[in-house]
Amino acid sequence: MNDIIKNVDIALLTPFEDHPFKLRDGEELEELMVSIKKNKIIEPLIVRPFSSAGKYEVISGHRRLDALKRLGIKEAPVIIKDLSDEEAIMMMVDSNLKRENILPSEKAFAYKMKLDVLKRQGAKTDLTFSQRGERLRNNDYLATQLGIGKETLHRYVRLTYLIPELLKMVDEGNISVTPAVELSYLKENEQLMVYEEICYLDATPSLSQAQRLKALSKDDELTKDSIFTILSETKGNQKEVLKVPLDKIKVYRPKASTYKELEDFIIKACAYYQRYLERQKGRDR
């Protein structure tokens, strides 16, 4: 049976709940908008009924919907499917994983959503994947379905345990996936301390450093001082850092300041002193 395509008001379309794929500006969006202006939408959006008010939840086509809104187009061609929550999640993830330039965080949450569906299916975990009828665990089955190794799947799912600040650094390429996985085992407050030290030192952890941080956390011995000591070790890709003991500047340090506030205070103080020296130099002429 062929799918029926119909045009609907885009005001009736709502994004998929907890959609892990970000809408990004840039060349890719511009090309999509040019294509839509020239050829309209070639591939309809996939939606499912969302409420009794006649609204629809978008399963596939979030970027196309974003482009339509930016272009001021009021209607979109859609294919309406009756899908359960589990079917909708699977279709949403699969359709978006076909994209190019997928961020690590997008893969992480997409893989976790599919894995959670498999876990909720309970008895359905006896899915067979070979002629011998070998029973596969959820992780094995999903990794095979995605065409990746089980360890790769595990690493990406671990990224979902990172605080947003650290996960953003992974997306931006400032922290590699492998050390980020090690950091994901830290408690949230410990991850926040690591993030603050990263910002203060302008240095990101290597794999061996992240493993040492994880080991200290496991023994309940991870502190700001130990994080500072580990991250301040010189690495080939690290910028040179000036280290000044806090007790030498505690007289001038603003009360209850974070490392970032302290850094800003020192930079402003240096700039003020530089202007003072320039004024003194002008008076001596």
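Ser184 sits in the loop that joins helix H8 (177–183) to H9. Helices here are DSSP runs of H or I with at least four residues, strands are E runs of at least two, and both are numbered from the N terminus. The model is predicted, so local features need pLDDT of at least 70 and side-chain atom pairs pLDDT 80 or more, while totals for chains, interfaces and linings use all residues. Residues are numbered from 1 along each chain as its sequence is written, and side-chain values use heavy atoms, without hydrogens and water.

Burial is set by relative accessible area: buried is under 20%, exposed is over 50%, and partly exposed lies in between (1.4 Å probe, protein chains only).

| Residue | Relative accessible area | Class |
|---|---|---|
| Ser184 | 3% | buried |
| Gln209 | 2% | buried |
| Cys199 | 32% | partly exposed |

A polar atom of the Ser184 side chain lies 2.5 Å from the backbone oxygen of Val181. Beyond its neighbours within four places in sequence, Ser184 is in contact (heavy atoms within 4.5 Å) with Arg158, Tyr161, Leu162 and Gln191.

Gln209 belongs to helix H10 (residues 207–218). Its side chain makes a polar contact with the side chain of Glu233, at 3.3 Å. Such a contact is a pair of N or O atoms within 3.5 Å; within protein, one must be able to donate a hydrogen and the other to accept it, and residues adjacent in sequence count only if both atoms are side-chain atoms.

Cys199 is part of helix H9 (residues 188–201). Its C-alpha atom is 9.9 Å from that of Glu263, 64 residues away along the chain.

**The chain**

The chain has twelve helices and five strands. It holds 285 residues, and 37% of them count as buried. Of the contacts with a separation of 6 or more, 69% are between residues 24 or more positions apart. The chain exposes about 18100 Å², with 50% supplied by carbon and sulfur atoms; the area comes from the Shrake-Rupley method with a 1.4 Å probe.

**The largest pocket**

The volume of the largest pocket is about 630 Å³. Its lining has 28 residues, and Glu28, Leu32, Arg63, Arg64 and Arg99 are the closest to its centre. On a 1 Å grid over the protein atoms alone, a pocket is an open set of points with protein on both sides within 12 Å along at least five of seven lines, and lining residues have an atom within 4 Å of a point. Volume is the space filled by probe spheres set on the points, which are joined across faces, edges and corners. H1 gives the largest share of the lining, five residues.

Key
1 Å grid on protein atoms, 1.4 Å probe; cavity = no way out; pocket = protein on both sides within 12 Å on 5 of 7 lines; lining within 4 Å.
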